[in-house]
Amino acid sequence: MVAVARRSVLIGGAVGAGLLAAGCTAGGPSSPAPTTPAPPDPLLAELADERRLVAGYDATIARHPALRARLTAVRDDHAAHAAALVTALGPAAPPSSTTPAATDSPGVSPTGSPTGSPTGSPTGSPTGSPTGSPTASPSTGIESSGGRTRVPATPPAAVAALRAAERAAASARGTAALTATPDRARLLAGISASEASHVAVLA
């Protein structure tokens with residue numbers, strides 16, 4: 001009787017241990033499901049465009065010093081726009097890069113569009129451009145290549161290119177404001193209005 005009871009306890013213990021082991025392996029915690037990264041903040045694109053505009057003005061002033069008095073105040077407006085966007089982005093705002101140097105740009109027409117690309121699309125390359133051709137911001141049209149901003153060869157053409165960039169930027173900021181949160185919409189609408197006024201200033 002004692003032997004039977006003892007054998008039952010041993011069998012029960014073995015069964016319990018087996019169930020416990022099975023529970024630890026089959027029903028244990030599963031690996032966490034992969035998470036989808038959050039999309040980039042839409043203001044990052046607006047900040048990048050504002051910084052390109054600042055770089056475009058800096059490069060134009062460096063290429064054509066006689067335009068400094070006419071362009072400095074507008075350039076400073078864009079620096080203020082960029083600073084306001086940095087504040088709105090908070091820690092997500094990337095640091096500003098070094099201002100690109102100016103290059104002569106015989107492939108840019110007086111309207112600011114690359115020759116051979118009537119629409120001024122980012123993929124339109126100046127005729128005869130080498131591999132690694134300049135890229136243009138889709139909203140401002142400011143072109144850069146190898147850390148250098150392309151500037152038209154004459155002051156009137158350079159001002160016309162900046163005026164076209166201001167018109168594109170005002171439209172881009174206004175469009176972005178339509179889907180932004182109220183605080184950001186007010187900020188973007190204010191920047192758009194400022195850039196629209198720059199078109200008149202540069203006329």
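In which strand is Val151 found? In this predicted model, local features need pLDDT of at least 70 and side-chain atom pairs count only at pLDDT 80 or more, whereas totals for chains, interfaces and linings use all residues. Residues are numbered from 1 along each chain as its sequence is written, and side-chain values use heavy atoms, with hydrogens and water left out.

Val151 belongs to strand S4, which spans residues 148-151. Helices (H or I, at least four residues) and strands (E, at least two) are DSSP runs, numbered from the N terminus. Val151 has a relative accessible area of 1% and is therefore buried; the term buried denotes a relative accessible area under 20%, exposed one over 50%, and partly exposed anything in between, with a 1.4 Å probe and protein chains only. Ala59 is 92 residues away from Val151 along the chain, yet the C-alpha atoms of the two are separated by 6.9 Å.

The chain as a whole contains five helices and four strands. Read from the N terminus, the order of these elements is α-α-α-β-β-β-β-α-α. Of the 203 residues in the chain, 35% are buried. Among contacts in the chain with a separation of 6 or more, 72% join residues 24 or more positions apart, where contact means heavy atoms within 4.5 Å.

Helix H2 (residues 43-63) packs against helix H4 (residues 155-178), and their axes come within 11 Å and cross at roughly 165°. Because of this angle, H2 is roughly antiparallel to H4. Axes are lines fitted to C-alpha atoms, for helices over the stretch in contact, and angles run from 0 to 180 degrees between N-to-C directions. Angles under 35 degrees count as roughly parallel, over 145 as roughly antiparallel, 65 to 115 as roughly perpendicular and the rest as oblique. On the H2 side, the residues in contact are Glu46, Asp49, Glu50, Leu53, Gly56, Tyr57 and Thr60, and on the H4 side they are Ala158, Leu162, Ala165, Glu166, Ala169, Ala172, Arg173 and Ala176. By class, this contact of H2 with H4 comprises eight nonpolar, two polar and five charged residues. Ala, Val, Leu, Ile, Met, Phe, Trp, Tyr, Cys and Pro count as nonpolar, Asp, Glu, Lys and Arg as charged, and the others, Gly among them, as polar.

H2 also packs with H5, at an angle of about 25° and with the axes 13 Å apart. This angle is why H2 is roughly parallel to H5. Leu43, Glu46, Glu50 and Leu53 of H2 meet Arg184, Leu188, Ile191 and Glu195 of H5. The contact of H2 with H5 has four nonpolar, no polar and four charged residues.

Helix H5 itself covers residues 182-201, and its 20 residues reach 29 Å from the first C-alpha to the last, close to the 28 Å expected at 1.5 Å a residue. The expected span is 1.5 Å times one less than the number of residues. Ala185, Leu188, Ile191, Ser192, Ser194, Glu195, His198 and Val199 are the buried residues of H5. Their cover includes H2, H4 and helix H3 (68-89).

Leu71 lies in H3. With a relative accessible area of 0%, Leu71 is therefore buried. Not counting residues up to four places away in sequence, Leu71 touches Tyr57, Thr60, Ile61, Leu162 and Leu202. Leu71 and His198 are 127 residues apart in sequence, while their C-alpha atoms are 9.8 Å apart in space.
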